[in-house]
Amino acid sequence: MTERRPLPHPWEKVKAELQSRLPGLLRDLGIRERPDRQGLIHPLNPNRKDRRPGSFVIWTQGSGAGAWKDYACDDKGDVFDLIQYLASPRPAEKIDVYWWALDWLGWDRGHVRTLAEDAAARQRREREIRAEEARAQSMEKARSAELFKLWLGLPPIAGTPAERYLTTARGLPIERLAHQPGALRWAEAVEFADPETGEVHEWRHCMVSAVTRGKAVTGLHRTFLTPDGTGKAQRRKAKTMIGSVAGGAIRISPGPSGLSPTMAEKKGRTDPLIVTEGIEDALTLAIARPDCRVWAAGSLSLMGLLDWPGCASAVVLAADNDWDKPEAVAAFERVETHWRAQANGRPVAVIRAALGKDFNDMARGAAA
């Protein structure tokens with residue numbers, strides 16, 4: 001019987017090296033999304049028809065960095081399994097993943113480094129990681145500043161096609177709001193130069209909504225409309241988001257106090273907070289419940305990335321009626337779990353429209 005040749009590097013050592021260089025590994029595996037503040041990445045799953053992010057999750061921090069799970073089909077594994085899942089061509093066996101990893105790391109298949117070489121390489125990697133993190137933070141800050149500057153220069157929606165869309169197409173009597181939604185603005189035709197890529201994009205006929213995290217506008221939500229505001233534009237994606245949106249929200253209504261979250265917390269004022277997925281739903285509920293603060297997260301997955309704000313006495317989650325979409329049902333369950341984990345004894349409730357897909361559908365059906 002032939003004795004098996006020992007591997008040139010221990011599995012755990014290779015795994016630790018892959019985890020320490022995870023940002024570069026993910027880029028080479030085709031994952032371009034950045035981690036949120038919890039260190040999670042929510043890309044679309046390239047191995048199935050995944051239409052919206054949320055169910056496919058990759059962890060980037062701690063001892064489990066590189067671990068992943070797809071909650072829609074229960075596939076999961078560690079960083080080696082992630083390589084086997086995403087690499088093209090796909091390694092057939094686990095040992096093939098090992099050799100793939102050595103090639104990617106640039107490690108000779110028959111050479112074991114000295115302790116001094118290993119320490120020097122580790123220090124070099126740490127410097128590279130810190131430099132990459134600093135560069136990413138700098139670019140994110142610059143991009144957020146440019147987006148805020150663009151949004152600040154746009155006119156409010158009053159008298160624009162965006163107001164016509166909300167009042168006519170979506171049946172929203174926004175004049176009944178005690179505080180008009182200052183987060184919403186109108187872009188007839190503007191240009192945005194992305195400081196990260198250098199690309200210049202033109203935005204035409206869209207409602208531009210500020211996504212705020214803490215005290216700063218960090219991203220923007222865009223709803224592209226027809227020029228006259230009679231409906232959404234006929235394009236592949238009528239709603240898109242840009243900038244750093246994880247952990248932020250579109251603040252539709254400040255509630256009965258009229259105070260910003262920061263000022264309300266400073267004064268010790270708390271009110272119930274309603275969190276919705278979409279802007280139209282948020283406006284519908286803000287009109288119906290002026291006694292509540294109302295925020296739109298922008299998407300279902302983003303509803304589960306918000307921190308409980310100090311201005312909220314309770315949280316009410318407005319769920320869409322997506323019973324025919326198992327992925328959406330599972331994603332909302334994660335959202336609810338996220339909020340209940342933060343509650344510390346404070347109330348958390350879930351509400352659903354009695355008819356239609358959401359509360360705006362129900363309100364328009366009732367009006368008809």
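Tutor: Beyond its neighbours within four places in sequence, asparagine 321 is in contact with Arg352, Ala353, Gly356 and Lys357. The model is predicted. Asparagine 321 sits in the loop between strand E12 (312-319) and helix H10 (326-342). Its relative accessibility is 18%, so asparagine 321 counts as buried, the limit being under 20%. Two of the contacts can be described atom by atom. A polar atom of the asparagine 321 side chain lies 3.1 Å from the backbone oxygen of alanine 353. The asparagine 321 side chain also reaches the backbone oxygen of glycine 356, at 2.9 Å.

Now the charged pairs. Side chains of opposite charge can pair when their charged atoms come close. Here the cut-off is a Lys or Arg side-chain nitrogen within 4 Å of an Asp or Glu carboxyl oxygen. By that rule the count is 18 salt bridges.

Start with glutamate 140 and arginine 213. Their side chains meet in a salt bridge, at 3.7 Å from N to O. Glutamate 140 belongs to helix H5 (residues 115-152) and arginine 213 to strand E6 (residues 200-213), so this pair ties together parts that are 73 residues apart in sequence. Glutamate 140 is partly exposed, at 30% relative accessibility.

Next, glutamate 280 and arginine 170. Their closest N and O atoms are 3.9 Å apart, in a salt bridge. This pair too links distant parts of the chain, 110 residues apart. Glutamate 280 is in helix H8 (residues 279-288). Arginine 170 is in the loop between helix H6 (161-169) and strand E5 (184-193). How accessible are the two partners? Glutamate 280 has a relative accessible area of 3%, so it is buried. Arginine 170 is buried as well, with a relative accessible area of 12%.

Aspartate 271 and arginine 269 form another salt bridge. The closest N and O atoms of aspartate 271 and arginine 269 are 3.1 Å apart. Aspartate 271 is buried, with a relative accessible area of 6%. Arginine 269 is partly exposed, with a relative accessible area of 32%.

One network remains to be described. Glu17, Arg21 and Arg125 are linked in a network of salt bridges.

Back to the starting point. Asparagine 321 is a buried loop residue. Its side chain reaches the backbone oxygens of alanine 353 and glycine 356.

How values were computed
Residues are numbered from 1 along each chain as its sequence is written. This is a predicted model: local features need pLDDT of at least 70, side-chain atom pairs count only at pLDDT 80 or more; totals for chains, interfaces and linings use all residues. Side-chain values use heavy atoms; hydrogens and water are left out. Helices (H or I, at least four residues) and strands (E, at least two) are DSSP runs, numbered from the N terminus. Buried means under 20% relative accessible area, exposed over 50%, partly exposed in between (1.4 Å probe, protein chains only). A polar contact is a pair of N or O atoms within 3.5 Å; within protein, one must be able to donate a hydrogen and the other to accept it, and residues adjacent in sequence count only if both atoms are side-chain atoms. Contact means heavy atoms within 4.5 Å.
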